[in-house]
Amino acid sequence: MASIDLSQEVRLYDNNAERDRIDNMAELYAMVNALECLEKVFSRDYIHAKEYTAECSKLLVQIKVALRLVPGMTIDEFFRTYYIQCPAALERIREDRPITVRDDKGNALKCIADIVELFITFLDQLKLNIRAVDELFPNLNDLYASINAMSTLPDDFDAKLRVKSWHDKLQGMAAHEEVTDEVARQMIFELETAYNAFQRFLRSG
């Protein structure tokens, strides 16, 4: 009987494509577990509703992106194939919104969820080297409208001012124009700063 070398590394993949797929599934699994933990923390009243809404919205967007990197598999198949026991996370993913957000447009927490999703989506566009104004402006315009619709944010709030500044700059450009890489880099820096300021505001409430 052949002996087994227990010190030998077990390879989970044979090529780079398989390695990338496994890495992507590992990241998706980590996000699902993070969402499950967040749901439990919120159910035990350890986190404020506004902060929960923002964090949950961010995770839902990230899970959508991660799932696209695992082609040929739905979220239900992912749970079933790998025996993932995260029922609260699966329910959130299926409903595609934090538990605090109702369907009606008048819910203030829905505004928070929209702002978080739009920040992440717009920053992802820039990081994916999308530079055309007619591709960038719609999400930035929605972000500008949503952040201004949140009445609890002061008029001179830093995140509001940064979003307005870039909104006005892109609005003044023609649809066929493109922002340069240098401008995009500055935009990423300023809007990530704005997003972090928005998160701090939610935690302070």
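Predicted model: local features only at pLDDT ≥ 70, side-chain atom pairs only at ≥ 80, totals over all residues.
1. Start with helix α2 (residues 49-68) and helix α5 (residues 108-127): they pack at an angle of about 40°, and their axes are 9 Å apart. Angles under 35 degrees count as roughly parallel, so α2 and α5 come out as oblique to each other. Their crossing is right-handed.

2. Who touches whom in that pair? From α2 the contact has Ala49, Lys50, Thr53, Ala54, Ser57, Lys58, Val61, Lys64 and Val65, while α5 brings Leu109, Ile112, Ala113, Val116, Glu117, Ile120 and Asp124. Sorted by type, the residues of this α2 and α5 contact are nine nonpolar, two polar and five charged.

3. Now follow α5 to its packing with helix α8 (residues 181-204), where the angle is about 160° and the axes are 10 Å apart. Angles over 145 degrees count as roughly antiparallel, and therefore α5 is roughly antiparallel to α8. The crossing of α5 and α8 is left-handed.

4. On the α5 side of the contact with α8, look for Ile112, Ile115, Val116, Phe119, Ile120, Phe122, Leu123, Leu126 and Lys127. The α8 side is made of Ala184, Met187, Ile188, Leu191, Glu192, Ala194, Tyr195, Phe198 and Leu202.

Conventions:
Residues numbered from 1 in each chain as written. Heavy atoms only, no water. Axes fitted to C-alpha atoms, helices over the stretch in contact; angles between N-to-C directions. Helix = DSSP H or I, 4+ residues; strand = E, 2+ residues; numbered from the N terminus. Parallel < 35°, antiparallel > 145°, perpendicular 65-115°, else oblique. Left-handed = near helix turned anticlockwise from the far one by under 90°. Contact = heavy atoms within 4.5 Å. Nonpolar A, V, L, I, M, F, W, Y, C, P; charged D, E, K, R; others polar.
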